[in-house]
Amino acid sequence: EHTYSPAHIEKKWQKIWQETGAFKTSDEDDKPYFYCLEQFPYPSGRLHMGHVRVYSIGDVVARFKRMQGYNVLHPMGWDAFGMPAENAAIKNGVHPAVWTYDNIDFMRKQVKELGSSYDWEREVTTCSPDYYKWTQWLFLLFYERGLAYRKRGAVNWCPDCQTVLANEQVEDGACWRCGTEVVKRDLEQWFLRITDYADRLLKDLDKLTGWPEKVITMQRNWIGKSEGAEVQFAIEGSDDSITVFTTRPDTLYGVTYLVLAPEHQLVKLLVEGTEEEEEVTRFVEEIRKTSDIERTAADAEKVGMFIGRYAIHPLTGEKLPIWIANYVLPDYGTGAVMGVPAHDERDFSFASKYGLEIRVVIEPQGEELNKPLETPYTGEGVLVHSDKFNGLSNQEALTKIVAHLEERGVGKAAVSFRIRDWLVSRQRYWGAPIPIIYCDRCGTVPVPKEQLPVILPKEVSFAAGNLSPLKTNEEFLHTTCPTCQGPATRETDTMDTFIDSSWYYLRYISPKDDTKPFDSQAVNRWLPVDKYIGGIEHAVLHLLYSRFFTKVLYDAGLVSFDEPFESLLTQGMVTKDGAKMSKSKGNVVSPEEIIAKYGADTARTFILFAAPPDRDLDWSDQGVEGAHRFLGRVWRMVEQHREMFAVRQPASATSPAEKKLLQVTHATIKKVTEDIGTRYQFNTAISAIMELVNAIYSYPEDADVGTKLDAIETVILLLAPVAPHITEELWHKIGHETSVHQQKWPEYDPAALVQEEIEYVIQINGKLRDKVVVPRGLKREELEELVLNREKVKEQLEGKTIRKWIVVPDKLVNLVVS
Ligand code: ANZ
Ligand code: ZN
């Protein structure tokens, strides 16, 4: 092969790597372990550029670490359950299993064409019974630990997907998948008790020093911990009391009314038989139709009504009207709020609208607020109209008021979390069946573990409207109770597919084990994942759920670590002309076209070179051409020196040009090692390699050949993780017999990094004033800056102006001043 023909060499090496098991990972190895993982794909049909980008990033890391002497685990699999398969079934009459496995076959072939170094023997597919058996097993583990429960309640329902959604899957009031507005429905559903772990999920974010700050912040906000107090208000003419959650107990003397969420259980009781009952009932029905987002947006219209009853202020004994209003949510805090219009935005607009009293209890230090207030005062300040707490700073008052409430038994310090339990039931077919049986006599009975998997039956009706498809298979639905052997029915909900992906990284360790979900001992050696690469869209969903799963498994004694992903890299989007690639915009560049035209090495090189991995990458045809030309240049460089490698002599760098190339070679090794290994900036690593190639091209013909051949060999080694096929081919071309990917990563020689130094004479108006030692070939600007910073020069320049610089390169500087 004299010309670069990617199509030929890429196929050839992929085949050889596969046949020789080049990237098979062994568990018994005395090398240090490194687990490099990319988020596994949903088998939607074909790869898009986003996939190519993540897998290129992951593969560079994996190959680099392998060359650095690590035992690298780099697996791939399929997040294969999910709605699109089922929708395709409804639309085209193909069974979801057929659709999914066909897609997997096609996409596996595409992934292999990228030349990624996966250990394919560890492939996992979440829709396969030997995988979901263990998903069900884990569900039962959660059930046994009291972390899976069934509850009736208002849940998010997507009318288009015909199923419920977890809170995490509702984005701005719409379904995360199809964008349809989500409505509330009252249904009996399974939940996982992630709220039990809220505090740990929050606290342990501090441990994740290898995660992007952005993701940490999103998780912190999602968990949403608020510190404050619960305060009890007695109800006039009732034995019940109302408990509110507030973050501002310091404003307690400014309360002028209470508000209950319309859905609050006390509302019905308090209005029963009163003249307000009818109107309240109507109001509550109305509110329930609106989404949480509409209800809580700061600028949303606040609507409410007085329910005709009064509460008693716990410290002043004052009568406070009880209202219900849309802006108070039933499932946050206690579902009840104390209204402090003077110091809270929402209360202020509500009170202004309904003519409720606005009472100032905090004023800025040394200032009196204009009354009536035009806007609420939400800042810090000093307490007024607050009895014995007057004059205290509000921070101090906060603690003291809580202590006072505690003493009197009418309140206590409390925290509230925004996060809700994870709703995991789906009324859809293509998911893991929830392994639960309902018996008239025994109630809810978990399927005994030895009866797993509960197989997802093939024969169901997909177009059953509101009915879960599994309800349409009588044979599945009716079963016998494992406890009493009486007639029983199966749960027909399937699990949220985010459960499947919450533990797949553990299954890769022992993917074929049919006795347990994973091998704890091996898992403890391999995990936490050293480098996890995936999309920012999973910042809350997948990454939060996986952290939760890991903590539960830790508590169950099944793993010895409580965070799954040590270091996280979130890759940016691939865009074209600045816009996200999408079918509707007609700006999609398909991986198969690019690979067919230029080869995978070019695709990888371009993608890694065009932007740092965490930034958006704008696709550019010229950029792809450029990457291809660069690889061609490397190819020709090796081709031209091929015969010299056959008669290679040791390097001997003595002349300045030889020393220079030696220095550039070692500086490049240093830079590429740091850029890939610690900074994860592949773009600058590649441009350093390009500079080394330029230096080799401009190396004098008559200079030492050994130095040049070393530099060429270095290029091949440094480029191997980025462009694995061409480097493998070139490596063999220069006479090696083993794979370039099994070579030791080159190390730089610190001594070779030192550039040659020379002494400059500094003259001022022709008179010798100073001398300075600098690297040879220092740039003009750098030299000038250095000269101007010399003490002796500064002294001489005092009060004078430089008229002219005379520079004799590598010898002398003369400043003409006056
Ligand atoms: C009185 C008060 C006075 C409040 C004040 C704020 C400022 P975060 O920070 O989001 O936790 N609140 C409590 N439960 C609520 C519910 N179910 N629906 C709507 N609002 C609710 O907010 C806590 C504050 O939000 C609480 O503190 C409460 O209003 C309100 F100057 O109590 B506050
Ligand atoms: Zn029974």
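**Note on the predicted model**

1. Residues are numbered from 1 along each chain as its sequence is written, chains are lettered from A and ligands numbered from 1 in the order in which they are written, and side-chain values use heavy atoms, with hydrogens and water left out.

2. Buried means under 20% relative accessible area, exposed over 50%, and partly exposed in between (1.4 Å probe, protein chains only).

3. On the overall layout, the C-alpha trace of the protein chain spans about 105 × 85 × 50 Å along its principal axes. Of the 818 residues in the protein chain, 54% are buried. There are 27 helices and 34 strands; helices (H or I, at least four residues) and strands (E, at least two) are DSSP runs, numbered from the N terminus.

4. The protein chain is divided into domain 1 (20-130 + 503-580), domain 2 (225-417), domain 3 (620-753) and domain 4 (757-817), with bounds that come from an automatic or database domain assignment. Taken over C-alpha atoms, the centres of domain 2 and domain 3 are 70 Å apart.

5. Ligand 1 is surrounded by 17 residues, and the closest are Ser226, Thr246, Leu329, Tyr332 and His343. A residue is near a molecule if one of its heavy atoms lies within 4 Å of it. Ser226 places a polar side-chain atom 2.4 Å from an oxygen atom of ligand 1. Thr247 instead uses a backbone N or O atom, 3.0 Å from an oxygen atom of ligand 1. For Arg346, a polar side-chain atom lies 3.5 Å from a nitrogen atom of ligand 1.

6. Strand E12 (residues 257-260) points Tyr257 and Val259 one way and Leu258 and Leu260 the other way, and all are buried. In a regular strand the side chains alternate between the two faces of the sheet. Two strands pair if DSSP finds at least two bridges between them. E12 pairs with strand E15 (residues 336-339) in the antiparallel sense over 4 bridges, and Val259 has Val337 as its bridge partner in E15. E12 also runs parallel to strand E14 (residues 319-325), joined by 3 bridges, with Leu258 opposite Ile322 in E14.

7. An open sheet of 3 strands has the order E29-E28-E30 and mixed pairing. Strand E29 (579-580) and strand E30 (617-619) stand at the edges with a single partner strand each, so one side of each is left without a neighbour in the sheet. Strand E28 (residues 574-576) and E29 run antiparallel and are joined by 2 bridges, with Lys576 opposite Ala579 in E29.

Technical notes:
Predicted model: local features only at pLDDT ≥ 70, side-chain atom pairs only at ≥ 80, totals over all residues. Polar contact = N/O pair within 3.5 Å; in protein donor to acceptor, adjacent residues only side chain to side chain.
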